[in-house]
Amino acid sequence: MTADDQALVDRFLDMMAAEAGASRHTLAAYRNDLEQTAASLGSALGKASATDLSRLGEAWADLAPSTVARRSAALRRFYGFLLDEGLRGDDPSAALPRPRLERPLPRILDEQDVGRMFAQAEDRAASDQPIAVRDLALLELLYGSGLRASELVTLPRAAVRKEQPFLILRGKGGKERLVPISSRAQTAVHRWLELVPAGSLWLFPSRNTHLSRVRLFQVVRRLAADAGIGPDRVSPHVLRHAFATHLLSGGADLRVLQSLLGHADIATTQIYTHVDSARLVELVNARHPLATRGR
């Protein structure tokens, strides 16, 4: 990447951090995608023409469609920024490849699987061993409130207060949302709070910082294995999916679910209507005006 391109990318990422609230991981991903594209182009990224960009489809032929889609999205945002800032007079990104993606259905656990995980976690926590008490609190918040792994491990200690049945989270893009905590999750979390070192800034501390997402992943897989569930079927994100799917099965409104999950677009939340198709068919058969009419 040329020095001029590097300066443009730095300005773009500064904007993403300041105005869009992009996380450190998001900024690193954008930088990598832009640098990889510059290498594929073999010419100046900031001055690339529509013709230059149209050739990327061939250069990216061996990449997964999801990778091509992500890089194209990064470039569209980059060239939009250059145009808005008057750093170039056109936006060539319409020539970028647009792979057709089919969003995979999320992996989920049924309620019996989740019940077995909780039974094991509760049995272990009955020993009052700090790690077991912590693991139960983690499980309660993952499944009971649908938190993202990154949101859970970075919860400040002060985020949980007695007699306050909700959390105020700062999720993707720095957006705040209100997340309810069930009474049983409150009990588990407050039990864990009594064991958290007084000087800790984090609800789930680890050495000088908070619990890592990798460690959380390991904890969840171990809890699954203890419950006789294949560890490869379970992750923090799978428990978040289970939270959403089981709420929808119980009659939750899709817009409410969108708010609880922190989805910016309702289309993201609608994936759960496909997962819970059996309930939707039952709902149509029971509630549609023509369902009770004779043939």
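In this predicted model, Glu85 is partly exposed, with a relative accessible area of 43%. Its partner is Arg11, and the two side chains meet in a salt bridge at 3.9 Å, N to O. Glu85 sits in the loop between α5 and α6 while Arg11 belongs to helix α1, so the pair ties together parts that are 74 residues apart in sequence. Arg11 is partly exposed too, at 42%.

That bridge is one of 15 salt bridges in the count. Another pairs Arg184 with Glu140 at 2.8 Å. Here helix α9 supplies Arg184 and helix α7 supplies Glu140, so this pair links parts that are 44 residues apart in sequence. Arg184 is partly exposed, at 42%, whereas Glu140, at 5% relative accessibility, counts as buried. Then there is the bridge between Arg148 and Glu151, at 2.7 Å; both of these residues are buried. Salt bridges with shared partners also join Arg124, Arg134, Asp135 and Arg222 into one network.

Now for the helices. Helix α1 (residues 3-19) packs with α2 at an angle of about 155 degrees, the axes being 10 Å apart. That makes α1 roughly antiparallel to α2, and their crossing is right-handed. Residues meeting here include Phe12 and Leu13 from α1 and Leu27 and Tyr30 from α2. By class, this contact has eight nonpolar, one polar and three charged residues.

With α5 (residues 65-84), things look like this: the axes of α2 and α5 come within 9 Å and cross at roughly 95 degrees, which means that α2 is roughly perpendicular to α5. Their contact has five nonpolar, two polar and four charged residues, among them Asp33 in α2 and Arg70 in α5.

Terms used
Residues numbered from 1 in each chain as written. Predicted model: local features only at pLDDT ≥ 70, side-chain atom pairs only at ≥ 80, totals over all residues. Heavy atoms only, no water. Axes fitted to C-alpha atoms, helices over the stretch in contact; angles between N-to-C directions. Helix = DSSP H or I, 4+ residues; strand = E, 2+ residues; numbered from the N terminus. Parallel < 35°, antiparallel > 145°, perpendicular 65-115°, else oblique. Contact = heavy atoms within 4.5 Å. Nonpolar A, V, L, I, M, F, W, Y, C, P; charged D, E, K, R; others polar. Left-handed = near helix turned anticlockwise from the far one by under 90°. Salt bridge = Lys/Arg side-chain N within 4 Å of Asp/Glu carboxyl O. Buried < 20%, exposed > 50% of the residue type's maximum accessible area, 1.4 Å probe, protein only.
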